[in-house]
Amino acid sequence: MLISSHSFKGVKSVDWFQELPSLFDYDIILLDTPGIVNFWSLAGKLKRFGKNAYTLPRIDKTAKKIKANLHIIRENLLEMLEFNVTVYALYSPDISIGTKVDSSIYVPESYPPRELPFESYRRPKWYLNDFINTNAWCPISIKTVAENGKAIIKKDESYEEYFKNFKGWQYYFVSDSLNIDELESKYESRWKVKVELSPIATNKINKPIAIELIPLFYKWARGWDEEEGGWESIPKKIGARLVLLPVDNPYDTRPLIEVLLQRIKVFEKTPPPAWLGAIKIPGEASLENEIATKEQNLEAMKSDVKQSEDSLTELRKCKELLYETGSILQERVKSTLDKLGAKIEPSPVSDEFIIEIGGKKALIEVKGVDNKSVSKPHLSQLNQDMTQYRMMNNQGIKGILVGNSWRLHPLKQRDMPDKPIFTDYVVKVAPNQDIGLISTTQLFKAFCKTLEEPKYKKDILNKIINNKGVITF
């Protein structure tokens, strides 16, 4: 958000005398403080009263609104300095703006000093009834010294463009004068606050003319052996970045704001008018046609790539035979047998399925187990389903137990003496119960072989439907 008399496309911009939106909604805020003076100066309302002091004819609604906004910004920033926000301020030394008052009518309480008799001072004819301070927006105060010089030493090279057109400097900051009393008071119940001052640019004797202020928040030490009022040595939180930057021409700050907007990746660009499309440069039409043709070709290629990607995804699903379990493994065994040529139908006695090959049917039971072999309980479940099928249909049915044992182990470690796919009991009993035993690794290898040599499908299906016990391909 930018608070300035200038406005830019793509940036929320408000003037100092307008209603402010909530500052809490913005991560980056730009303050054009010289614009406060320019607003009245360009209207011919300001008269110089003294060094860094000006008078207005009267305090009107606009002046009161600007003062109120300065207070709102100050209060909001006190809250926001704890968080990750950045505030850029085009900064000038304190400027006081008020009305001129005849001292014979009214004498302010602060004049003259109490320790000397009033009569010993010659009263000026006029004095300034101070109403606005242009830096009242800032909850952190720092003094400046008005001097002039030409040499500007950039400590932060990222601001090279900002200082590009500067002819020199008009003031420098007094680092030791940094005052954070208001900030400390705000957070003292929760944090010990310090502010780190980093020079962005200095004069030749290392006096800062542009600075970055970063609040650091430390946890108070709470241990019984801690010194009262102590705090931890490492900050718990790093707060906002408050950047105070000088201006080369206080009456024209727009170029400097543009540089800052470029710095934070906000660019102003005029959109082309509608009539511009009718103007053609030689070669423009042919390039447009060439681009259109290439875009059509690109769309066709994207479609081909998408089809290939879908085919690859589908093909890779067969690898699930090697590591999955449960319903996913069951679905993958079903689709693999289907691709091999077996007919698939639902099982009336279980949540799995039946295959038919050459007029013969077999009831399938699929098991995936982690760190063990397919064992007696798995075989017993298939046997029970086969018995129930016989009772329902008055005829028997072959059974096939498909096992993915040791499913998370590499293939070369499976089907070894210490990691058999089926236990000895299952291998011994299965043939007598008309049950075939198929390892998912065997089924995977068989399927891969048929992708290269489809003629082997018939041989594989024949073994699946006719063989008993351990079936290999």
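## Aromatic contacts and charges over rings

Lys194 lies over the face of Tyr218, at 5.4 Å from the ring centre. A charge sits over a ring if NZ of Lys or CZ of Arg is within 6 Å of the ring centre and within 35 degrees of the ring normal. Lys67 also has its charged end over a ring, that of Phe131, 4.3 Å from the centre.

This is a predicted model: local features need pLDDT of at least 70, side-chain atom pairs count only at pLDDT 80 or more, and totals for chains, interfaces and linings use all residues. Residues are numbered from 1 along each chain as its sequence is written, and side-chain values use heavy atoms, with hydrogens and water left out.

The structure holds 11 aromatic pairs. Rings of Phe, Tyr and Trp (its six-membered ring) pair if their centres lie within 6.5 Å; planes under 30 degrees apart count as stacked, over 60 as edge-to-face and the rest as tilted. Two of the pairs are tabulated here.

| Pair | Centre to centre | Between planes | Class |
|---|---|---|---|
| Tyr91 and Phe173 | 5.5 Å | 45° | tilted |
| Trp191 and Phe217 | 6.1 Å | 70° | edge-to-face |

Tyr91 is in the loop between β6 (86-90) and β7 (96-102), and Phe173 is in strand β11 (residues 169-173), 82 residues apart. Strands (E, at least two residues) are DSSP runs, numbered from the N terminus. Tyr91 is buried at 4% relative accessibility, and Phe173 is buried at 1%. Buried means under 20% relative accessible area (1.4 Å probe, protein chains only).

Trp191 is in strand β12 (residues 191-202) and Phe217 in strand β13 (residues 208-219), 26 residues apart. Trp191 is buried at 12% relative accessibility; Phe217 is buried at 0%.

Phe17, Phe39 and Trp40 form one aromatic cluster.

Technical notes. Helices (H or I, at least four residues) and strands (E, at least two) are DSSP runs, numbered from the N terminus. Buried means under 20% relative accessible area, exposed over 50%, partly exposed in between (1.4 Å probe, protein chains only).
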